[in-house]
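Subject: Structure handover

Dear colleague,

Here is the structure you were to receive. Please look it over; my notes on what was found follow below it.

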Amino acid sequence: MTQAIDLQLDQHEKDVSTMIQASLAQHVIKALQAAQNAQELTLDSLPSEIKIETPRDPSHGDYASNIAMSLAKSAKLPPRKLAEILLPHLQGPLFQEVSIAGPGFINFRLSQAWLLQQLQGLIQANQGFGQQTNGDPETYLIEYVSANPTGPLHFGHGRWAVLGDCLARLMRLAGYSVKTEFYINDTGAQVNNLGASVQACYFQAAQAAGQTLDAEALTLIETYLAEKNAETKGQVQFYHGQYIQTLGLSLFEHQGPAQLAADLGYFSDYAKSAILAEQQAQLKQFGVVFDEWFPESRLHHEQAVAEALKHLKESGKTYEQDGALWFRSSDYGDDQDRVLVKQTGSNTYFANDIAYHWDKLRRGHTRLINLWGADHHGYIARMSAAIQALGYPKEALQVLLGQMVNLFRNGEKVRMSKRTGDMISFGEVLEEVGTDATRFLLMQRSADVTLDFDLELAKSQNSENPVFYVQYAHARICSIFRNAANLQAYDATAWPQASLEALVAPEERILLLKLLSYPDELKFAASQREPHRLATYAQDLAALFHSFYKQCRVLFEKEDVTSEEIALSLARLNLVKATQVVLRNVLVDVFGISAPEVM
RNA sequence: GCGCUCGUAGCUCAGUGGAUAGAGCAACUGACUACGAAUCAGUAGGUCGCAGGUUCAAAUCCUGCCGAGCGCGCCA
């Protein structure tokens with residue numbers, strides 16, 4: 001076991017040097033081993049994971065380990081005694097001081113020389129700073145958005161889009177092998193309903209233009225309008241959004257009466273490809289790109305559903321009852337068994353989805369991550385059951401649920417009606433608010449909480465809007481470097497050759513520690529699949545920079561500048577540069593938004 | 001009724017079983033005749049929904065209850 005840990009750490013030594021927590025964890029493990037070898041300590045086994053944390057109170061140290069407390073019981077030693085045993089074995093150039101405090105914390109204070117060396121490494125790594133290898137052999141496929149091509153993207157889709165995109169970026173930076181995919185439900189009853197709805201509007205347009213319609217067409221218009229204008233709410237068959245009218249009208253404008261005799265499939269194909277194109281354009285504008293757009297129709301074309309059903313049948317995971325084919329999902333933890341083939345002989349959506357997930361796995365993706373709206377949570381158990389019944393481990397499927405978004409305008413909730421199609425679409429919000437602010441506001445909160453999104457706040461270009469706070473820090477830094485290039489008093493552009501020893505102010509140290517923790521933050525957020533953690537990090541980093549900037553003068557524009565001031569200035573420019581690098585990396589590479597040079 | 005998620009400052013929310021629970025906004029007090037005030041420094045604001053339990057240690061884990069949202073189809 002100890003060997004396994006060592007191997008894993010050695011394998012990624014390159015990363016470890018820039019990852020403080022992993023580096024400290026390695027020191028702790030080695031101290032435990034050394035103490036065991038010196039027979040100062042007996043443990044049945046070494047812990048599989050060493051947790052390194054940052055103390056809330058900086059006076060305790062830069063980092064801390066609770067190892068002495070967590071191992072006290074198995075080592076049969078009081079925590080402080082155990083810590084005292086480990087202390088002599090915790091040595092290295094990165095430590096300025098290792099101390100024992102409180103109930104048995106081991107507190108680490110990192111040496112200034114080592115930190116400054118890491119600072120130079122950070123600047124050298126530049127856009128690569130934070131990027132890691134992690135040795136995870138799995139290949140991940142993140143499937144998200146997957147909106148039906150029956151209407152415009154709604155605002156909830158926007159949230160999944162950002163979360164999925166940022167998660168993919170985050171995991172790639174952390175060393176995971178990741179592909180992304182959008183699943184297009186381009187077949188089935190809903191697509192037919194879509195086609196019929198557009199057909200009805202096309203007929204209306206034709207009628208308005210003086211065309212004579214046959215009885216069937218008139219009936220369709222009548223049925224469509226009756227549902228649209230119905231007083232009572234209930235199940236709806238057709239789609240009634242404004243976009244349906246637009247599609248029908250547009251078709252008549254381009255084709256005239258040529259399609260009056262066309263079949264339903266023609267209208268379905270026309271509508272779904274137009275809507276899909278719109279979705280794709282919006283997502284692209286939003287900075288969300290998919291490696292693959294996978295249409296459900298491909299499954300049917302390849303007989304994949306039939307094959308999946310056959311596979312489940314032959315392995316005894318199904319049975320027939322009441323004229324339907326059932327899947328024994330309750331054997332794998334679902335509440336009840338689920339129908340695959342209905343009495344009518346047609347497949348359920350679930351059957352198609354099993355085939356789709358099987359296809360994803362057979363394409364070589366060993367880990368499937370799905371982002372679903374929370375309203376689909378009841379679906380997880382059966383999908384997980386299907387994955388297992390197909391012979392894959394439970395871990396092959398991870399479903400991340402995202403809660404919904406409530407839209408507000410000036411504190412008033414914006415009402416949405418699905419029935420009448422009366423909704424603010426994602427495209428409208430994007431147009432009104434802009435990509436950067438929308439992305440940031442949608443990804444800064446945990447997917448687990450229902451999000452309140454205020455349109456006016458999102459548009460506001462002031463301190464209420466956190467995205468500008470972070471971007472402003474970057475723009476400010478760019479401004480410093482513009483000024484540095486024009487400085488008369490001394491050559492500020494010589495900062496890359498400067499000695500860094502002048503960086504001794506507390507504001508400088510705390511900023512530097514935050515910068516160097518970026519790879520750890522990235523790694524942890526990726527492992528938790530929680531991109532919002534980086535939003536918190538970015539805001540904290542920006543705050544530390546602004547504070548530093550106020551307290552620590554970077555450029556001295558006066559005639560009588562001293563050599564000490566010049567040395568300090570050049571050293572500080574390195575810290576400013578490092579901040580610029582990390583802000584850019586997190587804004588551009590993780591959030592997918594701009595790192596502006598001016599605002 | 002059952003299941004999932006959430007409940008932390010006035011509001012919106014962070015918070016990896018650790019030390020005195022944090023940030024932004026709102027409120028109040030200060031700071032621009034040198035690098036961007038879209039900024040900074042400070043004050044005030046808390047029964048971490050409630051009650052038990054586990055633990056050296058609980059906002060965090062477990063159980064029950066209360067409240068909010070979302071699900072519970074041979075729909076997709």
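F591 is in contact (heavy atoms within 4.5 Å) with C166, R439, F440, M443, L534, A535, A538 and V586, leaving aside its neighbours within four places in sequence. This is a predicted model, in which local features need pLDDT of at least 70 and side-chain atom pairs count only at pLDDT 80 or more, while totals for chains, interfaces and linings use all residues. Residues are numbered from 1 along each chain as its sequence is written, chains are lettered from A and ligands numbered from 1 in the order in which they are written, and side-chain values use heavy atoms, with hydrogens and water left out.

Cores and domains

F591 also belongs to the largest nonpolar core, which has 136 residues. A nonpolar core here is a set of buried Ala, Val, Leu, Ile, Met, Phe, Trp, Tyr and Cys residues joined through side-chain atoms within 4.5 Å. Buried means under 20% relative accessible area, exposed over 50%, and partly exposed in between, with a 1.4 Å probe and protein chains only. The members that touch the most other members are L32, F108, L110, F453, L534 and F591. Helix α24 (residues 563-591) gives this core its largest share, 13 residues. Domain 1 (2-110) and domain 3 (466-591) both contribute residues, so the core lies between them. Apart from it lies another core of 32 residues, including L141, L312, L325 and A389.

The domain assignment of chain A also gives domain 2 (189-283); such bounds come from an automatic or database domain assignment. Between the C-alpha centres of domain 1 and domain 2 the distance is 68 Å.

The sheet with β13

Helices (H or I, at least four residues) and strands (E, at least two) are DSSP runs, numbered from the N terminus. Two strands pair if DSSP finds at least two bridges between them. In the order β14-β13-β15, 3 strands form an open sheet with mixed pairing. β14 and β15 stand at the edges with a single partner strand each, so one side of each is left without a neighbour in the sheet. Helix α18 (residues 435-443) packs on this sheet and touches β13 and β15, its direction making about 155° with that of β15. Axes are lines fitted to C-alpha atoms, for helices over the stretch in contact, and angles run from 0 to 180 degrees between N-to-C directions.

Strand β13 (residues 405-409) is largely enclosed by the rest of the structure, because 4 of its 5 residues are buried. Its pairing with β15 (residues 451-454) is parallel, over 4 bridges; there N406 stands opposite D452 and L407 opposite F453. With β14 (residues 412-413), β13 runs antiparallel and is joined by 2 bridges, and R409 stands opposite E412. The hairpin of β13 and β14 has 2 residues between the strands, and N410 takes a positive phi near 50° in it.

The sheet with β9

Another open sheet has 3 strands in the order β8-β9-β10, with antiparallel pairing. β8 (318-321) and β10 (338-341) are at the edges, each with a single partner strand, so one side of each has no neighbour in the sheet. Neighbouring strands of this sheet are turned by 40° against each other on average, direction ignored. Strand β9 (residues 324-327) pairs with β10 over 3 bridges in the antiparallel sense, and W326 stands opposite V339 in β10. Helix α14 (residues 304-314) lies across β8, β9 and β10, running at about 125° to β10.

S384

S384 lies in helix α16 (residues 380-389) and is buried, with a relative accessible area of 13%. Its side chain makes a polar contact of 3.1 Å with that of Q388. A polar contact is a pair of N or O atoms within 3.5 Å; within protein, one must be able to donate a hydrogen and the other to accept it, and residues adjacent in sequence count only if both atoms are side-chain atoms. Leaving aside its neighbours within four places in sequence, S384 is in contact with K394 and L397.

Chain A overall

Chain A has 24 helices and 15 strands. Of its 599 residues, 52% count as buried. The C-alpha trace spans about 90 × 65 × 40 Å along its principal axes. Of the contacts with a separation of 6 or more, 72% are between residues 24 or more positions apart.

Regards
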